[in-house]
Amino acid sequence: MAPDWSYWSGADTVCGGVPENFHFKNTVAHTRIGWKADCGIVYGDTYGDDVTVVFGAKSCNGFFGLRIWREQLGNSTLVSDTVYKKIFNATLAYTLKGDSIAQCNTYGKYSIDYEEGDFYKWSVYPKDAGSIVSGNDTAVVTVFWNNTDEDRVVYLKMATGKCQLYKNDRFAIVLKGQKEPVVTAKTTCAILPDATFDFDDVSCGENAIRFYAKNQAEGNHYLWEFGDRTSSTHPSPTKMYPIYGDFYPKLTLTDRFGCVSKPAIKPLRINSMPSDGVLLSPEAVVAGESTELQFLSTANGLPPVKFEWMKGHEIVGTTTVPRFKISSAGRYWVRVFDRRGCSRKIMPPVSPLFLKR
């Protein structure tokens, strides 16, 4: 029985002199698959499920050929019918597609009906007629046509190549002049701007959080909505949330062409701060003796798990308990940290008096 075509895979169009891989799934036990290329060479073993074929630089009668058969292991005389597949040599036959009349200050989409090129290169002529917005390396391109006061004929030029064959072509387009002032809001947007954003990692209440848009192109307009009924138009605003909980800040971005993005939303959790409190110490201490400072919680919040004790601007000790011994005069205060890393400075400071004996 001849091999089943549904188990074939490989290119239908190839370049001469370029290696191509072909595969056949053999489902019959105790058999093997054989291959032969017309106008080409099967590299390595000519038997197996996977082979590499290099066809000649020129096709035979307009196409190449690949033959396949199945034979029994140990008895090569038991052979199925040979199946033959035509494989065509790649060509550069294509036509440009798109609207032949374009309105200035709008987007237009153009393409070629050929999508196997090694490269694609698009350009607008003359250069002041417009610009390539996207797709310059693909078979489909988006063009933004610049504003003009009068009708003019412009050209969309493209070049492509494959198999060491190259072709240049151009497409004539009538660009309609803008008789009235351009209304940006009426611009047809083929590609919407990207409004993705991020913010600082640590999100502790009473701490300022910086937001920043990833799209920072010139001419962009930003509308931030922070999820607590406040907003900003700054490209990278700083925000302090007055309460704790889950928020859903949103960014809407408008580019220089007046195209408006889809709103980008990213969840943000504002953690509660460590418990507020007071710092206690005795008012007077006998010189030469030590005394103890103590933090006392006076408000709800996450209990502190670390205490950073300060004398002026210098850290003099770190503890995991709310107490710290001192033996000299000075202006003392403490910063408390919760398990999330959020911190609070406890004020006012204390200045115990050390008396002479």
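This note goes through the overall shape of the chain, the confidence of the model and a few backbone details.

1. This is a predicted model, in which local features need pLDDT of at least 70 and side-chain atom pairs count only at pLDDT 80 or more, while totals for chains, interfaces and linings use all residues. Residues are numbered from 1 along each chain as its sequence is written, and side-chain values use heavy atoms, with hydrogens and water left out.

2. The chain holds 35 strands and zero helices, where strands (E, at least two residues) and helices (H or I, at least four) are DSSP runs numbered from the N terminus. Along the principal axes, its C-alpha atoms fill a box of roughly 115 × 80 × 30 Å.

3. Mean pLDDT, the predictor's confidence in each residue from 0 to 100, is 86 for the chain, and 94% of the residues reach 70 or more. Residues 182–186, however, have pLDDT below 50. Where pLDDT is low, the predicted coordinates should not be read in detail.

4. Two peptide bonds deserve a look. The bond joining Tyr125 and Pro126 is cis, with omega about -10°, and Pro126 sits in the loop between strand S13 (119–125) and strand S14 (130–134). The bond from Met347 to Pro348 is also cis, with omega near 5°, but Pro348 belongs to strand S34 (residues 343–350).

5. Most residues other than glycine have a negative phi. Cys39, in the loop between strands S4 (31–38) and S5 (40–43), has a positive phi near 60°, and Asn105, in the loop between strands S11 (101–103) and S12 (107–112), has a positive phi of about 65°.

Technical notes:
Contact = heavy atoms within 4.5 Å.
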